[in-house]
Amino acid sequence: QVVYVTASLPYCVLIIYLIRGLTLHGAVNGLVYMFTPKLEQLSNPKTWISAATQIFFSLGLGFGSLIAFASYNEPSNNCERHAIIVSLINSTTSIFASIVTFSIYGFKATFNYESCINKVILLLMNAFDLEEGSLTADNLNEMKDYLMATHPQEYTQLLPQLKNCSLEAELDTAVQGTGLAFIVYSEAIKNMEVPQLYSVLYFVMLLMLGIGSMLGNTAAILTPLTDSRVIAARFPKEVISG
């Protein structure tokens, strides 16, 4: 009964995040980046090893939890059919969660890129005393070339402070694991409206996922103990669980 909550609540949170993520500025950039294949990565065996590892852990193979849960099924249960269904649900969930993640990641990357552009524009306008509005993101490269040609000495002195802003570079700085969970999402959430709400939702979801995973792991230990006649005869189930 607890698993009903720990398994379904993350889906509810992900749906909320999907609706919010798709409405964020720059979400499309993240989705395009996600669905654009990189042949150099696909030809790398480490990519496929990482993918297999992800599927292995997300399905919970080899931990005993699936066998423990399956032991409660009826003998006539179609295990092959359920195995296929669970595998399809697992893969669909991974893609669904990736869409949510990359929409928010696209927002973060776009936010950082535009902030970088604005800092460069402000720096150039102050350094060369340009009129407000004369320098925009659209004509930034042309103005750089113009300033370098007309004021080479001043521009060369300013060059170390000018960052090379690139949306592709921002998208390429992807992180994995805890870095994605606690750094990227946190940075993105703080730039949203009502960040406290989305922060609470996100970390409650992580908590539910963690509890759900541990329930599966403990079931692999509890099931054979409670099924043992010797142990079950001497200790009640509550004591064994404790």
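I began with the UniProt record, an unreviewed entry, which places the feature "binding site" at Ser58, Asn90, Leu209 and Ser213. A caution I wrote beside it: UniProt positions are given in the numbering used here, feature names are shortened, and annotations may be inferred rather than shown by experiment. How far apart in space are these residues, spread over 156 residues of sequence? I found that they cluster, with a largest C-alpha distance of 13.9 Å.

**Ground rules.** I am working with a predicted model, where local features need pLDDT of at least 70 and side-chain atom pairs count only at pLDDT 80 or more, while totals for chains, interfaces and linings use all residues. Residues are numbered from 1 along each chain as its sequence is written, and side-chain values use heavy atoms, with hydrogens and water left out.

**Two of the site residues.** I placed Ser58 in helix H4, residues 45–59. Helices here are DSSP runs (H or I, at least four residues; strands are E, at least two), numbered from the N terminus. Leu209 sits in helix H11, which covers residues 195–227. Ser58 comes out partly exposed at 33%, and Leu209 is partly exposed at 39%.

**Whole chain.** I counted up the secondary structure next: 13 helices and zero strands. Along the principal axes, the C-alpha atoms fill a box of roughly 90 × 40 × 30 Å. Buried residues are 26% of the 242 in the chain.

I also checked contacts, meaning heavy atoms within 4.5 Å. Of those between residues at least 6 apart in sequence, 73% join residues at least 24 apart.

The accessible surface is about 16,200 Å², and carbon and sulfur atoms account for 64% of it. Such areas come from the Shrake-Rupley method with a 1.4 Å probe; for residues, only the protein chains shown count as cover.

For charge, I have 12 positive and 18 negative side chains, with the centres of the two sets 16 Å apart. Lys and Arg count as positive and Asp and Glu as negative, while His and the chain ends are not counted. The place of a charge is NZ of Lys, CZ of Arg, CG of Asp or CD of Glu.

**Annotated spans.** Back in the unreviewed UniProt entry, I found "transmembrane region" listed for residues 14–36, 48–72, 84–105 and 200–222. I looked into two of these. Residues 84–105 are 100% helix and 0% strand, with end C-alpha atoms 31 Å apart. Residues 200–222 are likewise 100% helix and 0% strand, and their end C-alpha atoms lie 32 Å apart.

What does Thr110 touch, leaving aside neighbours within four places in sequence? Its contacts are His25, Gly26, Asn29 and Leu167, and Thr110 is buried at 3% relative accessible area. Lys108 is also in H6 and counts as buried at 10%. With residues up to four places away set aside, Lys108 touches Val184, Glu187 and Ala188. From Lys108 to Leu130, 22 residues along the chain, the C-alpha separation is 30 Å.

**Loops.** Which backbone angle made me stop at Asp129? Asp129 has a positive phi of about 55° although it is not a glycine. I located Asp129 in the loop between H6 and helix H7 (140–150), where it counts as exposed at 69%. Val194 also has a positive phi, near 50°, and is not a glycine either. Val194 lies in the loop between helix H10 (178–190) and H11 and is exposed at 51%. Last, I visited Thr36, in the loop between helix H2 (27–35) and helix H3 (39–42). Thr36 is partly exposed at 43%, and its C-alpha atom is 30 Å from that of Leu162, 126 residues away along the chain.

Conventions: Buried < 20%, exposed > 50% of the residue type's maximum accessible area, 1.4 Å probe, protein only.
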